Amino acid sequence: MDLPHDAPFGVHNLPYGVFSTAGDPRRRLGVRYGDHVLDAGAAARATGAPADLAELLAAPSLGPLLAAGRPAWTRVRAALTSWLTDERHRAAVAPCLLPLADTAPHLPFEVADYVDFYASEHHASNVGRIFRPGAEALPPNWKHLPIGYHGRAGTVVVSGTDVVRPCGQRREPGEQAPSYGPSRRLDIEAEVGFVVGTPSAQGDRVALAGADDHVFGLCLLNDWSARDIQAWEYVPLGPMLGKSFATSVSAWVTPLDALRHARTAPPPRDPAPLPYLDDRAEPVPYGLDLALEVRLNGHVVARPPFATMYWTYAQMLAHLTVNGASLRTGDLFGSGTVSGPGRDTRGALIELTWNGEEPLRLPDGSGRGFLEDGDEVAVTATAPGPDGIRLALSEVRARILPARP
Ligand SMILES: O=C(O)/C=C/C(=O)CC(=O)CC(=O)O
Ligand SMILES: [Ca+2]
Ligand SMILES: [Mg+2]
């Protein structure tokens, strides 16, 4: 099957996922190729791939490939490229390409630990002003370390899974006591999620230059946030039930190897961070020029630029492990909401509508401060590829269902 050279999910991209079909409910590893999915295990068998590669690709999850480490990632990617482009393999591989529309996506890997950072200066400043009026927009530690919190790995769901409006305690301004009920301020957070492959030993630290030995790739992530539950519960220990009810990730994980052309210098840091976070002398820049788009009911409401993120994934990983905490295969860390400087580049409704005070107008004439039942949110992104082409990151999309009675 031939795809144009500049296809967004063409041979320069090759994101990984797990799928099944109506006719075959077994979970299988797939590689997205245009509007098709390559059944990777079947392709390995059809092409007579080396036994170790074939075994990694025959797994029902990305886990074994993630754990196999960077040399295996490189070999598998080279093999996939050759199977999809080399005349010798095309006839054998053709039956392994299934229409994407005939496949059902599953969570591509078992999420081990989930951490969410807070790495956009614009986002942190905006929510600081909203949540803490009268105080400094950024807390005093913000420019010295990538702030984050440990989230709930078990509620990470794959794109397309509906999200039920959470219930919880909330206290609105002016109310004396909290009440229990459905969140009235249900929000999105458009983020990039980084997937850890190679584990690290407890006690070890991962230096900036080690990040690419551990990080396999990335997905798009929506950290659903119930702002009313959050605001009441999170002082002083941080997010809990306001964010733990669901976090959505895209079905396809883009390998870091596909994003070589998206590498860019992060913004200048002032003050200079401590040496373990100081990336000024690093040979490769760890910033990534990803252009995100957020759609609400099909209508673009924001275009957040990932290149403006203050902290990079290498700094987040260095910070995560600087106390000797170990990494496990399948660890997922979110960048934090991606917001740029402009109003229409903000990755959360709380910023786009300034806490609901300035509702968005949708083309159907309705307004939105926060999400309504039935709303559908999709986050997509593109990145520079070779020869000026743009690669696509797979979308993360979900619809809001009413709270359970
Ligand atoms: O500043 C606060 O009090 C709250 C911030 C957030 O809710 C953002 C968060 O979860 C981290 C992020 O996505 O940037
Ligand atoms: Ca978040
Ligand atoms: Mg969440």
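The largest nonpolar core of this structure has 111 residues, and the residues with the most contacts inside it are Leu38, Val195, Leu290 and Leu317. At least three residues of this core come from each of domain 1 (16-106) and domain 2 (114-401). The model is a predicted one, and what follows should be read with that in mind.

The domain assignment of the protein chain gives domain 1 (16-106) and domain 2 (114-401). Taken over C-alpha atoms, the centres of domain 1 and domain 2 are separated by 29 Å. The contact between them takes 13 residues from domain 1 and 16 residues from domain 2. On the side of domain 1 that touches domain 2, at least two residues each are supplied by strand E1 (16-21), helix H3 (63-68), helix H4 (70-85) and strand E5 (103-106). Sorted by class, that side has six nonpolar, four polar and three charged residues.

Two of these elements, E1 and E5, also pair with each other. Four bridges join E1 to E5, and the two strands run antiparallel. Within this pair, Ser20 has Ala104 in E5 as its bridge partner. Strand E5 has two faces: Thr103 and Pro105 are on the covered one, while Ala104 and His106 are on the uncovered one.

Next, return to Leu317, one of the residues with the most contacts inside the core. Leu317 belongs to helix H10 (residues 313-321) and is buried. Is the rest of H10 buried or exposed? Nine of the nine residues of H10 are buried, and the helix is mostly covered. Among them are Tyr313, Gln315, His319 and Thr321. The elements that cover the buried residues of H10 include strand E6 (114-117), E13, helix H7 (211-214), E14 and strand E22 (332-334). For Leu317 itself, the residues touched are Val206, Ala211, His214 and Val215, leaving out residues up to four places away in sequence.

Why is E14 described as largely enclosed by the rest of the structure? Eight of its eight residues are buried, so E14 is largely enclosed in that way. A residue counts as buried here if 20 or more other C-beta atoms lie within 10 Å of its own.

Which strands are joined to E14 by bridges? Strand E13 (residues 190-196) is joined to E14 by seven bridges, and the two run antiparallel. In this pairing, Val196 has Val215 in E14 as its bridge partner. Two bridges join E14 to strand E17 (residues 254-255), again antiparallel, with Gly217 opposite Pro255 in E17. Two bridges also join E14 to strand E16 (residues 247-249), and these strands run antiparallel. There, Asn222 stands opposite Ser248 in E16. In general, strands of a sheet pair through backbone hydrogen bonds, either parallel or antiparallel.

Another sheet can be followed through five strands. This open sheet has the order E9-E26-E25-E20-E21, and its pairing is mixed. Strand E9 (163-164) and strand E21 (299-302) stand at the edges with a single partner strand each, so one side of each is left without a neighbour in the sheet. Inside the order, E20 is joined to strand E25 (residues 376-384) by six bridges, and the two run antiparallel. One opposing pair is Val294 and Val379, the latter in E25.

Strand E20 (residues 291-296) also holds Leu292. Leu292 has 23 other C-beta atoms within 10 Å and is buried. Leaving aside neighbours within four places in sequence, Leu292 is in contact with Ala190, Arg303, Pro304, Phe306, Val338, Gly347, Val379 and Ala381.

The last stop is ligand 1. There are 13 residues around ligand 1, of which Tyr118, Val127, Phe131, Gly336 and Thr337 come nearest. Helix H6 (residues 121-131) gives the largest share of this shell, four residues. By class, the shell divides into four nonpolar, five polar and four charged residues.

Note on methods
Residues are numbered from 1 along each chain as its sequence is written. Chains are lettered from A and ligands numbered from 1 in the order in which they are written. This is a predicted model: local features need pLDDT of at least 70, side-chain atom pairs count only at pLDDT 80 or more; totals for chains, interfaces and linings use all residues. A nonpolar core is a set of buried Ala, Val, Leu, Ile, Met, Phe, Trp, Tyr and Cys residues joined through C-beta atoms within 7 Å. A residue is buried if 20 or more other C-beta atoms lie within 10 Å of its own, exposed if 12 or fewer, and partly exposed in between; C-beta atoms are placed from the backbone. Domain bounds come from an automatic or database domain assignment. Two residues are in contact if their C-beta atoms, placed from the backbone, lie within 7 Å. Two strands pair if DSSP finds at least two bridges between them. A residue is near a molecule or strand if its C-beta atom, placed from the backbone, lies within 6 Å of it. Ala, Val, Leu, Ile, Met, Phe, Trp, Tyr, Cys and Pro count as nonpolar, Asp, Glu, Lys and Arg as charged, and the others, Gly among them, as polar.
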